[in-house]
Amino acid sequence: MNRKILLLTLLLPLLVTLAAGLAYAVLSLPEQPQQLPKLVINNMNESGVSHPVTAVLLNFRGYDTLLELVVLLLALLAVWSLNLPAAEPRSTPNRVLDTLTHLLTPLLILITAYLLWIGAHAPGGAFQAGSVLAAAAVLLMLAGWRIPAKLIGLPLRIILITGPAMFIIIAVRTLLFDGQLLKYPPAQAGLFIAIIETVATLSIAATLAALFLGTRPIAINKKNIEQASDNGSEHK
Amino acid sequence: MNPANFYALIGIGLFSVGLLGLIINSHLLKKILAFNIMGSGVFLVLVALARRAENIPADPVPDAMVITGIVVAVSATALALTLMLRVVSETGHATLPDEVEK
């Protein structure tokens, strides 16, 4: 306990100094941001969308967003490679959770589509839509739903990879036809962004939901269940 | 002081509290939580600074960084939690091996 108090007395002045330094840095910034907002607003016509955040996310700084999608995939790969034992199947959900899931899942899917669509001209877009869709999947999993065995192998991997893959395909296409990575021609920018956002939404949602599982999903087919119940009866 | 600077200062406060929590707690779950608090502080600073000029619309560049940052933070947290579970299953407790447990 003494050690903790000693640590605190040493740490607090350091942290206060750090906070004061950061506060000074923030308060001494110029009143108006200098260049970037003007650049964004002046080039909005070429971006293919009318919402500046989406334009920055998927056009002006598309490279960042591509790498963010890869980071998501890397996190999932790392989680899978840790190979934790699968969580025990939980008990059946009570009626409140069950009813709520029935009501909310279609609604969440609808909200996903709305957020994806509205992203072109208002706050929204692939990351928000993907998170909402992932929330729907997490809710389903809490209520006892499992990824169908048919989807677990290749189909799940394809969904996980389509977002970054489509982004890379479009990046290579712009590199070949327009000479610069991810520099969309203004006429087609809207279309490219819509394609990337749609597949990215699915990939983001699948990645987040798979991360929630915490381990590589295993097919729970009838055989496994029968084996499990056989083992159970042997123990008796 | 305009409201944006006020929120930015709150963000710095969150960051510092998170850093303190990260250092003094030895339980890994508390460390992960503290790390997330630090991240939220950074996001708050970025969002606040995007709006610090009062008469022009918000700067979209920091906003876009925060959007992707949140999703990446969620996935990093998931990875951290899995690593923590792995540490628990290997060693039996949720602290790093060189921490003195009392």
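User: Which domains does the domain assignment give for chain A?
Analyst: The assignment, which is automatic or taken from a database, gives domain 1 (1-31) and domain 2 (35-217) in chain A. This is a predicted model, in which local features need pLDDT of at least 70 and side-chain atom pairs count only at pLDDT 80 or more, while totals for chains, interfaces and linings use all residues. Residues are numbered from 1 along each chain as its sequence is written, and chains are lettered from A and ligands numbered from 1 in the order in which they are written.

User: What separates the centres of domain 1 and domain 2 of chain A?
Analyst: Taken over C-alpha atoms, the centres of these domains of chain A are separated by 37 Å.

User: How many helices and strands are there in chain A?
Analyst: Chain A has 11 helices and zero strands, where helices (H or I, at least four residues) and strands (E, at least two) are DSSP runs numbered from the N terminus.

User: What should helix H10 of chain A span?
Analyst: Helix H10 (residues 186-213) of chain A has 28 residues and should span 40 Å at 1.5 Å a residue, which agrees with the 41 Å between its end C-alpha atoms; the expected span is 1.5 Å times one less than the number of residues. Just after H10(A), Gly214(A) takes a positive phi of about 80°.

User: Switching topic, is Asn83(A) buried or exposed?
Analyst: Asn83(A) counts as exposed because it has 10 C-beta neighbours inside 10 Å; with C-beta atoms placed from the backbone, a residue is buried if 20 or more others lie within 10 Å of its own, exposed if 12 or fewer, and partly exposed in between. Asn83(A) lies in the loop between helix H5 (62-82) and helix H6 (95-118) of chain A, and has a positive phi of about 55° although it is not a glycine.

User: And how many residues of chain B are in contact with chain A?
Analyst: There are 32 residues of chain B in contact with 40 residues of chain A, contact meaning that the C-beta atoms of two residues, placed from the backbone, lie within 7 Å. On the side of chain B that touches chain A, the largest share, 17 residues, comes from H3(B).

User: Which residues does Ile196(A) touch?
Analyst: Not counting residues up to four places away in sequence, Ile196(A) touches Leu58(A), Met166(A), Phe167(A) and Ile170(A).
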